[in-house]
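Please read the points below with the sequence and the model open beside you. They go from the whole chain to single residues.

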Amino acid sequence: SEGTGLVKAKTLAELRALDFGYWFQDENGDFPFRDKGHELPTLAEVFERFPNWVLNIDIKQHEPLVVEEFVRTIERFGMQNNVIVGSFDTETMRYFRRLIPEVATIGTQREVSTFFALHKIGMTRLWRHDCVAFQVPEQPYGLQLVTEKFVRALRWHGVMLHVWTVNEEADMRRLLDWGVDGLITDYPVRLLDVLGRTPT
């Protein structure tokens, strides 16, 4: 079944009983992974299966905080150089950075907002940060955040820009032409086609 409720309110056994492929829908409107026996993996299992991948991980849960166990898992599998970690919650991100400063992190909402405000008045050289990348939508709340000038200003600080969620090929091409470093999409095969790559 698809399940309902909060993840933190479930046991691992209850989560494993759910159909992990239930909601995935392809471009034809079909559900190719539904009822195929796919189970939700633990983070440890993902690290074991993909030890050489660079994994983008977002900390969603803040109460109770899961940062300490998350850090222990990263260290246990030696994945410090293979993860990039983000969170919308500034305090969660600060705590994570304090516990494991060698891990690359995403800009918090506060870091993004501060950079954008300084960018609007031409003062981005004053910006201070602890992140390696921003991961943002192009137009949050109808505001044009990502522009070619914004990308250049961020690059001056050595910070990468990943834009989400970009599903149309024309938008992918435009953003790549502006110099963004990554695109987060629901259609990776479409993006690979734009990049001239073959799915592996």
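1. Helices (H or I, at least four residues) and strands (E, at least two) are DSSP runs, numbered from the N terminus. By that count the secondary structure of the chain comes to eight helices and six strands. Read from the N terminus on, the elements run α-α-β-α-β-α-β-α-β-α-β-α-β-α.

2. A word on the source: this is a predicted model, in which local features need pLDDT of at least 70 and side-chain atom pairs count only at pLDDT 80 or more, while totals for chains, interfaces and linings use all residues. Residues are numbered from 1 along each chain as its sequence is written, and side-chain values use heavy atoms, with hydrogens and water left out.

3. Overall dimensions come next. Taken along the principal axes, the C-alpha atoms of the chain fill a box of roughly 55 × 40 × 30 Å. The chain exposes about 12700 Å², and carbon and sulfur atoms supply 53% of that area; accessible areas come from the Shrake-Rupley method with a 1.4 Å probe, and for residues only the protein chains shown count as cover. Of the 200 residues in the chain, 36% are buried. Here buried means under 20% relative accessible area, exposed means over 50%, and partly exposed is in between (1.4 Å probe, protein chains only).

4. Contact means heavy atoms within 4.5 Å. Among contacts in the chain between residues at least 6 apart in sequence, 49% join residues at least 24 apart.

5. In which order do the three strands of the open sheet 1-2-3 pair, and in what sense? The order is 1-2-3 and the pairing is parallel; two strands pair if DSSP finds at least two bridges between them. Strand 1 and strand 3 are at the edges with a single partner strand each, so one side of each has no neighbour in the sheet. Strand 2 (residues 83–86) is joined to strand 3 by two bridges, in the parallel sense. Ile 84 has Ala 104 in strand 3 as its bridge partner.

6. Another open sheet of three strands has the order 4-5-6, with parallel pairing. Its edge strands are strand 4 (133–137) and strand 6 (182–183), each of which pairs on one side only. Five bridges link strand 4 and strand 5 in the parallel sense. For Val 136, the bridge partner in strand 5 is Val 163. Helix 6 (residues 148–156) packs on this sheet and touches strand 4 and strand 5, its direction making about 140 degrees with that of strand 5. Such angles run from 0 to 180 degrees between N-to-C directions, and the axes are lines fitted to C-alpha atoms, for helices over the stretch in contact.

7. Trp 164 deserves a separate look. This residue is found in strand 5 (residues 160–164) and counts as partly exposed because its relative accessibility is 30%. With Phe 88 and Ile 184, Trp 164 makes a nonpolar surface patch of about 270 Å². A cis peptide bond joins Trp 164 to Thr 165, with omega about -20 degrees. Thr 165 has its place in the loop between strand 5 and helix 7 (169–178).

8. Most peptide bonds are trans, and most residues other than glycine have a negative phi. Please check the exceptions in the model. The bond from Glu 63 to Pro 64 is cis, with omega near -10 degrees, and Pro 64 lies in the loop between strand 1 (55–58) and helix 3 (67–76). Asp 35 has a positive phi near 60 degrees and lies in the loop between helix 1 and helix 2 (43–49). Tyr 141, also not a glycine, has a positive phi of about 55 degrees and is found in the loop between strand 4 and helix 6.

9. Are Asp 35 and Tyr 141 buried or exposed? Asp 35 counts as exposed because its relative accessibility is 68%. Tyr 141 is exposed too, with a relative accessible area of 82%.

10. Thr 108 lies in the loop between strand 3 (104–105) and helix 5 (109–120). This residue counts as buried because its relative accessibility is 3%. Leaving out residues up to four places away in sequence, Thr 108 touches Ser 87, Thr 90, Met 93 and Arg 97.

Terms used. Patches are made of residues with over 30% relative accessible area and no salt bridge: like charges are joined within 9 Å, nonpolar side chains (Val, Leu, Ile, Met, Phe, Trp, Tyr) within 5 Å. A salt bridge is a side-chain nitrogen of Lys or Arg within 4 Å of a carboxyl oxygen of Asp or Glu.
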